[in-house]
Amino acid sequence: MKQRPFLALWALAVFASVAAFALHLGLRGKIVDHGYKLGRARAEQARLREVKRVLSLEAASYETPQRVEMVARTLLGMTPPPPERVIPVRAPVAIQDDPAESASGNEDTMGAAPAGAP
């Protein structure tokens, strides 16, 4: 009869040890899983930084007129227009605030057809 309390305490200690070990394994598994997710996220971050760097270099190259002209001629097959197809455009007429100035003359800026227009 004296062995029963010892047996119960021993069984409780074994059960607590097994439960603690199972909890440890579960937490360790979660830590490993989060480590893999963190590694994938860092790899994706590095890839996106490289893409950003390449795109910024490409955007900077398109800002130069020489690059735009080279792309237009080589990739798009564009050529400068012949002189007979070029139509000069007049500068827009400035809006005047004083109605006395507009009544005094300056008829040539209103309603005049641009040179060479049909």
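Colleague: Is Arg53 buried, partly exposed or exposed?
Modeller: Arg53 is partly exposed, with a relative accessible area of 43%. Keep in mind that this is a predicted model, so the value is computed from predicted coordinates.

Colleague: What does the side chain of Arg53 meet in a salt bridge?
Modeller: The side chain of Glu50, at 2.6 Å from N to O.

Colleague: How far apart are Glu50 and Arg53 along helix H1?
Modeller: They are three residues apart in helix H1, so about one helical turn separates them. Glu50 is partly exposed too, because its relative accessibility of 38% falls between the 20% and 50% cut-offs.

Colleague: Why would two such side chains pair at all?
Modeller: Side chains of opposite charge can pair when their charged atoms come close.

Colleague: How many salt bridges turn up in the whole structure?
Modeller: A search finds four. Among them is one between Arg47 and Glu44, whose closest N and O atoms are 2.8 Å apart.

Colleague: Where do Arg47 and Glu44 lie?
Modeller: Both lie in helix H1, three residues apart, which is about one turn of the helix. Arg47 has a relative accessible area of 45% and is partly exposed. Glu44 also counts as partly exposed, at 36%.

Colleague: And what does Asp33 form a salt bridge with?
Modeller: With Lys37, where the closest N and O atoms are 3.7 Å apart. Asp33 and Lys37 are four residues apart in helix H1, so the separation is about one helical turn. Asp33 is partly exposed at 36% relative accessibility, and Lys37 is partly exposed at 44%.

Colleague: New topic. Which residues form the nonpolar patch on the surface?
Modeller: Phe6, Leu7, Trp10, Val14 and Val18. Together they have about 550 Å² of accessible area.

Colleague: Is Val18 buried or exposed?
Modeller: Val18 counts as exposed, because its relative accessibility is 52% and the cut-off is over 50%. Val18 lies in helix H1.

Colleague: What share of the chain counts as buried?
Modeller: Of the 118 residues, 3%. The chain exposes about 11,100 Å², and carbon and sulfur atoms supply 66% of that area.

Colleague: How many helices and strands does the chain have?
Modeller: Three helices and zero strands. Along the sequence the pattern reads α-α-α.

Colleague: Which of the elements has the highest mean pLDDT, and which the lowest?
Modeller: Helix H1, residues 3-62, has the highest, at 95. Helix H3, residues 99-103, has the lowest, at 57.

Colleague: Where is the pLDDT below 50?
Modeller: Over residues 105-118. Beyond near neighbours in sequence, that stretch has eight contacts in the model.

Colleague: What should I make of coordinates where pLDDT is low?
Modeller: Where pLDDT is low, the predicted coordinates should not be read in detail.

Colleague: And what does the chain average?
Modeller: The average pLDDT is 84, and 80% of the residues score at least 70.

Note on methods
Residues are numbered from 1 along each chain as its sequence is written. Side-chain values use heavy atoms; hydrogens and water are left out. pLDDT is the predictor's confidence in each residue, from 0 to 100. Helices (H or I, at least four residues) and strands (E, at least two) are DSSP runs, numbered from the N terminus. Contact means heavy atoms within 4.5 Å. Buried means under 20% relative accessible area, exposed over 50%, partly exposed in between (1.4 Å probe, protein chains only). Patches are made of residues with over 30% relative accessible area and no salt bridge: like charges are joined within 9 Å, nonpolar side chains (Val, Leu, Ile, Met, Phe, Trp, Tyr) within 5 Å. Accessible areas come from the Shrake-Rupley method with a 1.4 Å probe; for residues, only the protein chains shown count as cover.
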